[in-house]
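Me: Please set out the strand arrangement and the ring contacts of the structure shown here.

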Amino acid sequence: MNWKEENNTLYKSFSFKDFAEAFAFMKKVAVLAEEAQHHPTWKNTYNKVEIWLQTHDEGNIVTEKDKALAQAIDALL
């Protein structure tokens, strides 16, 4: 699934083999987010991770900053 732009957010759902794999992915995303100083809204349920991106400093809209982080997240896979 590609990132979906809706309601001023970029959204994507990721599925993994199990919780450990999902959590390992989240740790990698956390490092990227911290480096970019751009932190996602996310949710984890067992092997599923959902991520929403929007730039709060720009009025809660999707910006190039979100698109760049989305690309970096996809590159982790």
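Predicted model: local features only at pLDDT ≥ 70, side-chain atom pairs only at ≥ 80, totals over all residues.

Me: In what order do the 4 strands of the open sheet lie?
Reply: Helices (H or I, at least four residues) and strands (E, at least two) are DSSP runs, numbered from the N terminus. Two strands pair if DSSP finds at least two bridges between them. The pairing in this open sheet is antiparallel, and its 4 strands follow the order β1-β2-β4-β3.

Me: Which are the edge strands?
Reply: An edge strand here pairs on one side only. This holds for β1 and for β3 (41–45).

Me: How many bridges join β2 to β4?
Reply: Strand β2 (residues 9–15) has 6 of its 7 residues buried, where buried means under 20% relative accessible area, exposed over 50%, and partly exposed in between (1.4 Å probe, protein chains only). Towards strand β1 (residues 4–6), β2 runs antiparallel over 3 bridges, and the bridge partner of Lys4 is Tyr11. Strand β4 (residues 48–53) is also antiparallel to β2, and Ile51 in β4 is the bridge partner of Lys12. The number of bridges joining β2 to β4 is 6.

Me: Which residue in the turn of the hairpin has a positive phi?
Reply: The hairpin is formed by β1 and β2, with 2 residues between them. The positive phi, about 50 degrees, belongs to Asn7.

Me: Which residue in β4 stands opposite Thr41?
Reply: β3 and β4 pair in the antiparallel sense over 5 bridges. Opposite Thr41 stands Trp52.

Me: What angle does the direction of helix α1 make with that of β3?
Reply: Helix α1 (residues 19–36) packs on the sheet and touches β2, β3 and β4, contact meaning heavy atoms within 4.5 Å. Axes are lines fitted to C-alpha atoms, for helices over the stretch in contact, and angles run from 0 to 180 degrees between N-to-C directions. The angle between α1 and β3 is about 165 degrees.

Me: What is the centre to centre distance of the aromatic pair formed by Trp3 and Phe14?
Reply: Rings of Phe, Tyr and Trp (its six-membered ring) pair if their centres lie within 6.5 Å; planes under 30 degrees apart count as stacked, over 60 as edge-to-face and the rest as tilted. The structure holds 5 aromatic pairs. The pair of Trp3 and Phe14 is edge-to-face, with 70 degrees between the planes and a centre to centre distance of 6.0 Å.

Me: Why does the pair of Trp3 and Phe14 tie together parts that are apart in sequence, and by how many residues?
Reply: Trp3 is buried at a relative accessible area of 17%, and Phe14 is buried at 5%. Because Trp3 lies in the segment before β1 and Phe14 in strand β2, the parts tied together are apart in sequence by 11 residues.

Me: Is Glu5 buried or exposed?
Reply: Glu5 is found in strand β1. Leaving aside neighbours within four places in sequence, Glu5 is in contact with Leu10, Val62 and Lys67. With a relative accessibility of 51%, Glu5 counts as exposed.

Conventions:
Residues numbered from 1 in each chain as written. Heavy atoms only, no water.
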